[in-house]
2 protein chains.
Amino acid sequence: MGVTATEAANPVGTLDFYFFIGSTYTYLSVHRASALAAAAGVRLNWRPYSLRTILREQDNSPFLGKPDKLRYMWRDIERRAARGGIPFAGPAPYPTDPESRASHVATLAEAEGWCEPYVREVFRTWFLDKVDPGSPQVLAGILARVGQPADVLQRAESPEVAARYAAHTVAARARGVFGSPSFVTADGEVFWGDDRLEEALEWVGSGR
Amino acid sequence: MGVTATEAANPVGTLDFYFFIGSTYTYLSVHRASALAAAAGVRLNWRPYSLRTILREQDNSPFLGKPDKLRYMWRDIERRAARGGIPFAGPAPYPTDPESRASHVATLAEAEGWCEPYVREVFRTWFLDKVDPGSPQVLAGILARVGQPADVLQRAESPEVAARYAAHTVAARARGVFGSPSFVTADGEVFWGDDRLEEALEWVGSGR
């Protein structure tokens, strides 16, 4: 997986990376964020949350029912992946993970310290194998590939994990997050979108 | 107003700049686009169109009824204006130009060759004087400041201008435009957002 930002010895600051498994642009950030944060000396906190809940509350449907925007989104991701040297194989299944299983596992992983390798494999599976990562069968394969035991699937459906996922969602909402990826600084600045990652890191690095 | 890209002697290509008076992020592009296009040797075609019509058709309300997104938008523009050395004086009246008068004048201006200085003055008035540029009184002042006669206001409400504005909107829709600013290349690539301007210019310059 390479060096992760959380291993930085003396970080200049921290950045909370609020992400949702199901957000397409998040694929780009899952690929880029750790290396860029490490290079900037910024510690990155991976925070799975339910963007689906917030979008419903805010009557915000970014792509569904909007075919022109949907088509543009896939083309834009294709171009930005090409610019960034990120593998891309065309549109992936969308929407995905309807029962939020993959997100619940991400929350357990975040509590236990293996969030990043798991989420990277989830997005790789979704985008490059082009299968919905949320089915129990696909999730079992993902967990095996990142060296986690099969009982994770059951533990991820516990009330404790659900409460943790809900708490992240409450925190995201309170901080003004309404999209994924969102990068939130310690002083409360929100940067929405993979294309704002560099600005977020600069903000933290400049000590503002 | 500085050198405009349309004066480039041997442009490497052209870029259609679809914009709507009423789109807040468009302020940044109105400030930046000509100089960047000129530096890239790209001819910029200013194309006023009715984004309002397209948003209504697509049930797409980017900010109204979405207070968190609206607040983020103003903060994001503030930060990006600061990064780009663009004057900014806080949130401007929004929405604006409800009767599309300022857009009709932009369409007449585009037909007659004075679109850019007019639109720059419209956005300056809207963002820095913080008044709705669409009222006849405010428009009269804008026209005076860019050296246009007062009868423009009347001529801009002609059926011919309305037809030209509608034709630009039809063309924008056909090309997949659903937001402002949008930059469309001769080979049909759409780049949506001020933050995609550089990528659009690179696309044209690379001859793809």
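This is a predicted model: local features need pLDDT of at least 70, side-chain atom pairs count only at pLDDT 80 or more; totals for chains, interfaces and linings use all residues.
1. Residues are numbered from 1 along each chain as its sequence is written, and chains are lettered from A and ligands numbered from 1 in the order in which they are written.

2. At the interface, 14 residues of chain B are in contact with 14 residues of chain A, where contact is taken as C-beta atoms, placed from the backbone, lying within 7 Å. On the side of chain B that touches chain A, the elements that give two or more residues are α3 and β4 (190-192) of chain B, and α3(B) provides the largest share, 4 residues. Helices here are DSSP runs of H or I with at least four residues, and strands are runs of E with at least two, numbered from the N terminus.

3. By class, that side of chain B divides into 4 nonpolar, 4 polar and 6 charged residues; Ala, Val, Leu, Ile, Met, Phe, Trp, Tyr, Cys and Pro count as nonpolar, Asp, Glu, Lys and Arg as charged, and the others, Gly among them, as polar. Because 100% of the interface residues of chain B are also interface residues in chain A, the copies meet through the same surface.

4. Within chain A, the axes of helix α4 (residues 101-112) and helix α5 (residues 115-129) come within 8 Å and cross at roughly 160 degrees, which makes α4(A) roughly antiparallel to α5(A) (the term applies to angles over 145 degrees). The contact is made by A102(A), V105(A), A106(A), A109(A) and E110(A) of α4(A), together with C115(A), Y118(A), V119(A) and V122(A) of α5(A). By class, this contact has 8 nonpolar, no polar and 1 charged residues.

5. Some backbone geometry deserves a check, given that most residues other than glycine have a negative phi, and most peptide bonds are trans. The peptide bond from S180(A) to P181(A) is cis, with omega near 0 degrees, and a cis bond likewise joins S180(B) and P181(B), with omega about 0 degrees. P181(A) sits in the loop between α8 (159-174) and β3 (182-185) of chain A, and P181(B) in the loop between α8 (159-174) and β3 (182-185) of chain B.

6. In chain B, S100(B) has a positive phi of about 60 degrees although it is not a glycine; this residue lies in the loop between α3 (67-84) and α4 (101-112). S100(B) is buried, with 22 other C-beta atoms within 10 Å, where 20 or more count as buried, 12 or fewer as exposed and values in between as partly exposed, with C-beta atoms placed from the backbone.

7. K130(B), also not a glycine, has a positive phi of about 60 degrees and belongs to the loop between α5 (115-129) and α6 (136-145) of chain B. With 12 C-beta neighbours inside 10 Å, K130(B) counts as exposed.

How values were computed. Axes are lines fitted to C-alpha atoms, for helices over the stretch in contact, and angles run from 0 to 180 degrees between N-to-C directions. Angles under 35 degrees count as roughly parallel, over 145 as roughly antiparallel, 65 to 115 as roughly perpendicular and the rest as oblique. Two residues are in contact if their C-beta atoms, placed from the backbone, lie within 7 Å.
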